[in-house]
Amino acid sequence: MTTATKELKTKEITISMGPQHPATHGVLRLVLDLDGESVVKCTPYVGYLHRGVEKLAENRTYLSALPLTDRLDYISSMSNNVGYCVAVERLFGIEPPERAKYIRTIMCEMTRISSHIIGISTHALDIGAMTLFLYSFRDRERLIDLFEMTCGARLTVSYPRIGGVRNDVSQEFLDKLYEFTEEFPKIIEDQYETLIDQNRIWLQRTKGIGVISAEEAINWGLTGPTLRGSGVPYDIRKYAPYDAYDKVEFDVPVGRNGDVYDRYKCRMEELKQSNRIIKQCIEQMPKGPVMAPDAPKFTLPPKDRVLTDMESLIHQFVLITKGPIAAPEGEVYAATEVPKGELGFYIVSDGSGRPYRMRLRAPSFVHVSVLPRLCRDAILADVIANIGTIDIVLGECDR
Amino acid sequence: MVPLDWYIGLSAVIFVIGVVGFIIRRNILIMLMSVELMLNSVNISLVAFSHYLQDLRGQIFVFFIITVAAAEAAIGLAILVALFKNKAAVHTDEITEMKG
Amino acid sequence: MEPKEIAELIKDRYPAEVKDITEFRGQVSVVVKKDRIKEIMKYLHSTPELYFDLLEDLCGVDYLGKKEARFEVVYHLYSMRHRHMIRIKAEVPEDDCAIDSVVDIWVGADWHERECYDMYGIEFKGHPDPRRILMPEDWEGHPLRKDYPLKADLGEMEWKGYREVIEVAQKNKAYEVDR
Amino acid sequence: MNIAETILFTGSSNWILNIVFIIIKIAVVIGVTMLHVMYATYFERKVIGHMQIRLGPMRVGFHGVLQPLADMLKLFFKEDIIPADADKPVFKIAPIIPVFATLSSLAVIPFFEGFVIAKINIGLLYLFAMSSLGAYGVVMAGWASNSKYSFLGGLRSSAQVISYEVAMGLSLVGVMIMAGSLNLSEIVKAQQQYWYGMYLIPQFIAYFVFVVAAFAETNRTPFDLPEAESELVAGYFVEYSGMRFALYYAAEYIGMIIMSSIAVICFWGGWTLPPVIANTIPALAVVPGIIWFLGKVYFHIFLYYWVRATVPRYRYDKLMALGWKVLIPLALANIVVTSIVKYMS
Amino acid sequence: MLPNLFFGYFAIVMVVLSLLIITRRNPVHSVLWMLVLFFHIAGLYLFLNAEFLAAVQVILYAGAILVLFLFVIMMLNLKEEITAERFIGEWPIGVALGISIIMLVYFALSKFIQGPVGQYTIEAINKETHTKTIGRVLYTEYLFPFEIASLILLIAIVGAIVLAKKRG
């Protein structure tokens with residue numbers, strides 16, 4: 001009746017994981033072909049959160065494009081702001097004052113802590129360890145309160161400005177932050193690491209899963225802790241320092257095997273290093289202005305100055321109505337180390353007041369693309385571990 | 001007291017239903033289930049004998065039959081899975097060759 | 001190695017290909033023709049003294065009416081070993097809107113090239129999976145082109161998926177509870 | 001013997017009255033168990049809440065004590081959604097099976113001296129039979145929902161429950177050998193002949209295997225793979241809502257109570273105190289046995305919550321490896337050792 | 001009277017369930033009816049004073065073998081089965097065969113003579129519980145067949161693994 005079929009047929013199940021799924025960290029969609037529990041093929045689909053940030057930025061002034069960057073990686077918006085400001089400052093050739101640099105560094109590292117906290121704890125939550133999530137959110141809450149104290153916003157801060165930061169930080173802020181940095185390393189050791197670091201189930205779920213070698217990781221374009229887990233000490237803060245990173249001491253933790261566990265350890269270690277950086281910054285914090293002397297050309301003056309000072313009023317009026325001053329013609333690429341990896345801004349200027357082209361090199365975008373590689377020979381539960389380990393935010397991936 | 005004949009009659013009817021099911025169904029799964037049905041009908045009559053003849057031999061036999069049934073189900077289903085992987089068919093008339 | 005030297009090295013090796021070398025704020029761009037881009041990239045990737053093993057970024061730029069070749073594909077390369085970087089810009093004219101894919105050299109170029117195709121319509125020859133990535137699969141047009149409007153009333157031209165969403169929303173309104 | 005004891009324990013010679021008494025007994029046991037189930041959820045949320053430096057439910061009533069009632073009301077009045085392509089009869093029957101299986105397990109559990117609904121000689125086997133039925137509710141729900149997530153959950157669960165049933169059964173064989181009976185009341189009484197009054201001490205390996213298997217059998221963390229919310233969203237009951245969902249929820253907690261009760265009866269001496277303690281402090285005899293029983297059961301339930309707040313989830317293949325390569329050999333070794341010791345003495 | 005009523009109920013329900021099992025289009029429904037049937041069989045065993053066997057019936061048949069069936073049916077995920085033809089073309093012949101066997105059994109039963117009665121009366125079994133009695137007989141008189149049965153199971157396990165294992 002039928003001719004003998006030569007190849008072995010198995011019935012695969014195709015499941016669409018996401019875009020609404022608790023473990024996909026937003027609106028990532030994975031189409032998984034499963035043979036039983038093992039993954040035959042994994043295809044990521046992105047773009048559910050695409051808002052056309054690059055297109056929008058082309059139609060805005062350099063200043064008003066700043067809030068767009070908040071909404072990329074919405075849990076580490078300060079780093080994105082700083083990355084953008086560094087790029088635009090490089091384009092205009094201006095340099096923020098020392099104090100502003102230190103403040104930015106502090107803010108970036110606070111963001112790194114809160115972002116890594118979310119990264120690690122949601123990863124642990126996906127794998128089933130729920131308590132770490134709640135422990136770490138308590139500490140994240142303290143940081144967010146501190147953000148609120150200085151910027152008035154908790155998540156989308158828009159605090160840095162081209163040529164500095166919006167306003168100076170208060171002494172109270174620094175004191176409270178210092179208090180936090182005193183306590184935090186102990187919290188990491190006593191509460192985070194004891195919970196899962198040596199847990200046998202945690203080790204079983206993370207060791208030897210999603211292994212990627214150093215060469216391959218570089219070839220895929222991975223950056224940040226995801227790359228450092230494979231043993232490559234590539235950190236832009238170290239090798240192309242911006243802000244105050246060349247004035248503080250810190251180590252770049254690297255992993256050895258390039259598996260999920262090593263990446264987790266890298267993030268855990270970076271928490272301590274960030275804490276160290278913040279502490280040094282507070283200790284070394286210089287006095288002085290927080291805005292570059294030539295920066296008023298780019299940035300709105302503070303409200304109280306506008307209401308009392310004639311020059312500031314004129315300045316604001318010109319900025320709002322006529323648009324900003326023209327940028328020099330040229331193109332720059334500026335990379336900064338955000339918690340997820342390397343955030344690159346490639347800005348092409350045609351000499352007008354708006355970016356002609358603003359390209360965002362988002363780490364999450366690259367990291368999602370490596371998922372099919374990580375999920376090779378994986379089983380369903382490993383897919384979850386792999387999504388957690390690349391620590392993605394879809395707002396940044398889809399832009 | 002229910003006569004022993006009734007039990008044997010019931011067992012026979014179920015056995016025959018199992019036989020008929022085995023013969024007329026196309027689906028191998030249901031055919032395997034019919035075999036289980038036949039085994040169970042035999043078990044009923046054995047337990048009934050054991051009860052009425054006041055001898056435990058019948059019940060011991062039921063044990064062995066359950067063992068064999070478990071083995072049969074495991075092997076039968078394994079064959080079925082292997083067959084399905086090769087042919088994607090569970091119907092008897094679609095499986096006409098001996099070659100895999 | 002200084003970026004300037006790298007640019008000179010490329011120019012020495014491919015004199016016919018390199019059209020221009022520019023420098024701005026210490027960053028050097030090498031403008032090349034697109035035809036032998038893969039060869040140049042392979043050279044950059046595998047020559048030991050250059051060894052650009054990390055493709056930091058790959059993107060397109062639309063110079064509508066500003067330059068003679070409308071598009072440029074921009075590669076940012078970085079070397080982990082030597083810690084230097086270079087920017088390669090390949091010109092892609094509108095009438096021949098295609099360029100060789102570099103996925104063979106850097107796997108990470110895969111999604112960047114897909115995005116570039118999605119946003120500018122530049123075709124990457126030899127790409128293993130040339131699909132749209134950020135926009136829906138049945139989307140028409142390439143949104144980051146300069147002649148693509150940021151907001152416009154497209155009427156019948158509107159993406160049909162959008163109309164479907166609106167229809168569903170209208171239909172679901174009937175189920176809403178009155179307050 | 002007063003009237004209450006007559007009614008509760010001995011019944012009457014009149015068989016109609018007997019049936020009435022049995023029905024009253026069943027009603028009391030089910031009612032009390034359901035109350036405990038309700039408050040087990042509250043207990044869980046409070047315990048885990050405090051372990052995770054938060055408060056747990058606080059709004060309804062004093063410190064949220066009325067929260068279970070509010071939850072029940074909410075679930076009761078929720079719309080019951082059945083997926084369009086579901087196999088409707090199976091979908092509707094599925095949640096009833098685990099509740100039925102777990103509730104009927106209560107029939108053979110002696111809560112205190114002499115109080116048991118059905119005094120049958122194969123109590124332990126009956127419990128196994130009922131717990132093996134629980135798998136059907138899961139598998140049927142997974143199949144009937146016609147959703148791939150619930151389907152995968154159902155597949156995982158059936159494999160898991162079958163595997164761990166073996167380990168659980170084997171772990172209790174040691175107890176059976178020592179007690180020489182399958183009757184649960186007999187098992188409790190048999191433990192009284194030792195000064196420590198618990199099989200926990202000679203049978204600690206069996207106890208360990210049993211507790212691990214019980215976690216798996218009730219689909220609790222770290223073995224909650226069938227309902228792993230981060231992988232399969234909610235696994236087999238992802239399509240259920242309202243009352244049917246509540247039935248699954250209730251079955252899980254009744255299952256926990258049953259498993260804890262078995263552990264208490266077989267390893268912790270049930271309602272009795274170890275003779276060594278009871279003899280040193282005679283005043284403790286005043287405390288009724290049910291208090292000890294409940295205390296021990298609640299310790300085990302607390303153990304469930306404690307583990308849930310602490311450990312991550314197992315992976316499917318590791319889970320199977322643990323079951324077949326660690327627990328079953330351990331249980332078998334325990335049986336061999338126990339029978340040798342029993343034979344020698 | 002009461003025992004006869006019980007038996008009548010069990011007999012009718014069991015026959016109906018068996019018919020349901022062999023006629024359902026969807027194998028899952030067949031399995032679920034079979035589950036109900038096994039419970040009735042267990043009930044009948046209780047009725048025949050074989051409580052241990054009743055428990056074994058539920059644990060082994062309902063708890064293991066049927067779940068295995070269900071597992072395989074779900075794994076194969078036979079959606080097209082529901083629309084396919086249920087019976088083979090020559091099904092009337094099968095039914096006729098069945099009816100003829102029934103006739104045969106009927107005639108055989110009319111000549112049925114009950115054999116001699118053994119030593120295990122209900123009272124004797126109840127005195128030391130059914131489980132113990134069965135265990136004693138099984139491990140003394142029938143020890144050798146018992147070992148053979150365990151060997152059969154071992155062979156079945158090995159065979160099942162070999163068959164189901166993926167090639168290559």
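Mentor: Where chain E meets chain B, 84 residues of chain E and 69 residues of chain B take part in the contact, a contact being heavy atoms within 4.5 Å. This is a predicted model, in which local features need pLDDT of at least 70 and side-chain atom pairs count only at pLDDT 80 or more, while totals for chains, interfaces and linings use all residues. Residues are numbered from 1 along each chain as its sequence is written, chains are lettered from A and ligands numbered from 1 in the order in which they are written, and side-chain values use heavy atoms, with hydrogens and water left out.

Between chain E and chain B about 6800 Å² is buried, 79% of it from carbon and sulfur atoms; buried area here is the accessible area (1.4 Å probe) that two parts lose on being put together, summed over both. On the chain E side, E:Ile22, E:Leu48 and E:Phe69 lose the most area to chain B, together 10% of what that side buries.

A:Glu37, A:Met130 and A:Ile201 supply 21% of the area that chain A buries against chain D, more than any other three residues. Across this interface of chain A and chain D the rule finds 1 salt bridge, and the side chains of D:Arg315 and A:Asp382 meet in a salt bridge at 2.9 Å, N to O.

Within chain D, helix α9 (residues 204–217) packs against helix α12 (residues 289–310) at an angle of about 65°, with their axes 12 Å apart. Helices are DSSP runs of H or I with at least four residues, strands runs of E with at least two, numbered from the N terminus; axes are lines fitted to C-alpha atoms, for helices over the stretch in contact, and angles run from 0 to 180 degrees between N-to-C directions. To this contact α9(D) brings D:Tyr207, D:Val211, D:Ala214 and D:Phe215, and α12(D) brings D:His300, D:Leu303, D:Tyr304 and D:Val307.

Methods
Salt bridge = Lys/Arg side-chain N within 4 Å of Asp/Glu carboxyl O.
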